[in-house]
Amino acid sequence: MTLRFAYNTNGAANHRLDDALQLIKAAGYDGVALTLDIHHLDPFAENWAAEAGRVASLMEKLDLACVIETGARFLLDPTAKHEPTLVTADAAGRARRVGFLKRACEIGGMLSAEAVSFWAGVPKPGVDHDEARGWLADGLAEVAAFAAEAGVVPCLEPEPGMLIETLDDFAALDIPGLKLALDTGHCLVTGEREPEAAVREFADRIGTVAIEDMKRGSHIHLPFGEGDMDVPGVLSALEEIGFGKLICVELSRESHRADVMIPQALEYLRTCRRPGPDLASGQETRRQV
């Protein structure tokens, strides 16, 4: 089967959204992972609905599919990165996060997004983790129910250091309609599973996939070929399970050279395959780029 790739706009933060979409299209991607942010379809702007409609029209014109991402750093609180979250002690803060995720689902519906991806958050010191899990379950249930009404697929991403950190943490949840947002690099950080094994094990629960290179034990998104990721193995596993949704490249530290990284990443993914009966020996290597 032919795998489909997208590029995350958090790796094009120095570009206007329209310019980023044009670059992604020109490189040959099938879609975009759109991180809602103050400069990229601000979900709290007065004209957010009109802007979402405009972006939807542009993406349709460019023939780009979409995944909505919600990991903007200071969108909800300019003084605290990623706060508030679904596990913030302040109930009003948690409600703000839930409201944002609902807005993301609305926008996702308007953009015909394949999925809306989000994470749990990091409990602050002194927060009881059992109590935080209760807050999380309540928030997830509310967002998942709203997503179903909006016609989008809600996906939770296990994130190193967060309350839901591993795939086992995710598997322990019982939230109807909630799918897995699998960032393959995070498997190398937590050391829980090899990324390709995770793809096979959770095949029936994956709603969206992010891919990049990473070094084992280090949560830094790296360009392909600079870490320990067996990218050909991950792509083979995705083919094996018949994954037809977008596979989203997330290079959030590479905005300063997005003009180079956007096409370079896709070229790597298209060519870094293990030699097989249909490939010339030595033609494709893991560290080609």
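This report describes selected helices, strands, loops and cysteines of a predicted model.

Residues are numbered from 1 along each chain as its sequence is written, and side-chain values use heavy atoms, with hydrogens and water left out. Because the model is predicted, local features need pLDDT of at least 70 and side-chain atom pairs count only at pLDDT 80 or more, while totals for chains, interfaces and linings use all residues. Helices (H or I, at least four residues) and strands (E, at least two) are DSSP runs, numbered from the N terminus. A residue is called buried under 20% relative accessible area, exposed over 50%, and partly exposed in between, with a 1.4 Å probe and protein chains only.

Helix 2 covers residues 48-62, and its 15 residues should span 21 Å at 1.5 Å a residue, which agrees with the 21 Å between its end C-alpha atoms; the expected span is 1.5 Å times one less than the number of residues. Its buried residues are Trp 48, Ala 52, Val 55, Ala 56, Leu 58, Met 59 and Leu 62. Seen down the axis of helix 2, these buried residues fall within an arc of 165 degrees, so they line one face of the helix, the arc being that of the directions from the helix axis to the C-beta atoms. Ala 50, Glu 60 and Lys 61, on the other side of helix 2, are exposed. The buried residues of helix 2 pack against helix 1 (17-27), strand 2 (31-35), strand 3 (65-69) and helix 3 (91-110), where contact means heavy atoms within 4.5 Å.

The loops on either side of helix 2 each hold a residue of note. Leu 41, in the loop between strand 2 and helix 2, is buried at 3% relative accessibility. Asp 63, in the loop between helix 2 and strand 3, is exposed at 60% relative accessibility. Further along, in the loop between strand 3 and helix 3, lies Pro 84, which is joined to Glu 83 by a cis peptide bond with omega of about -10 degrees.

| Residue | Setting | Phi |
|---|---|---|
| Leu 41 | not a glycine | about 55 degrees |
| Asp 63 | not a glycine | about 60 degrees |
| Gly 217 | hairpin of strand 8 and strand 9 | near 80 degrees |
| Gly 242 | just after helix 8 | about 70 degrees |

Strand 1 and strand 2 run parallel and are joined by three bridges, with Ala 6 standing opposite Gly 31 in strand 2; two strands are taken to pair if DSSP finds at least two bridges between them.

Strand 8 (residues 213-215) and strand 9 (residues 218-222) instead pair in the antiparallel sense, over two bridges. Asp 213 stands opposite Leu 222 in strand 9, and the hairpin formed by strand 8 and strand 9 has two residues between the strands.

**Helices 8 and 9**

Seven of the 10 residues of helix 8 (residues 231-240) are buried, so helix 8 is largely enclosed by the rest of the structure. These buried residues are Val 231, Pro 232, Gly 233, Val 234, Leu 235, Ala 237 and Leu 238, and they pack against strand 1 (4-8), helix 6 (184-190), helix 7 (195-201), strand 7 (206-211), strand 10 (246-249) and helix 9. At the start of helix 8, a side-chain oxygen of Asp 230 reaches to within 3.0 Å of the backbone nitrogen of Gly 233.

Helix 9 comprises residues 258-271 and includes Gln 264, which counts as partly exposed at 30% relative accessibility. Gln 264 and Arg 97 are 167 residues apart in sequence and 35 Å apart in space, C-alpha to C-alpha.

**Cysteines**

With a disulfide defined as a pair of cysteine sulfur atoms within 2.5 Å, the count comes to zero. The sulfur of Cys 187 is 15 Å from the closest cysteine sulfur, that of Cys 155, which is too far for a bond. Cys 272 is likewise in no disulfide, and the nearest cysteine sulfur, in Cys 248, is 16 Å away. Cys 187 is buried at 2% relative accessibility, and Cys 272 is buried at 0%.

Terms used
Polar contact = N/O pair within 3.5 Å; in protein donor to acceptor, adjacent residues only side chain to side chain.
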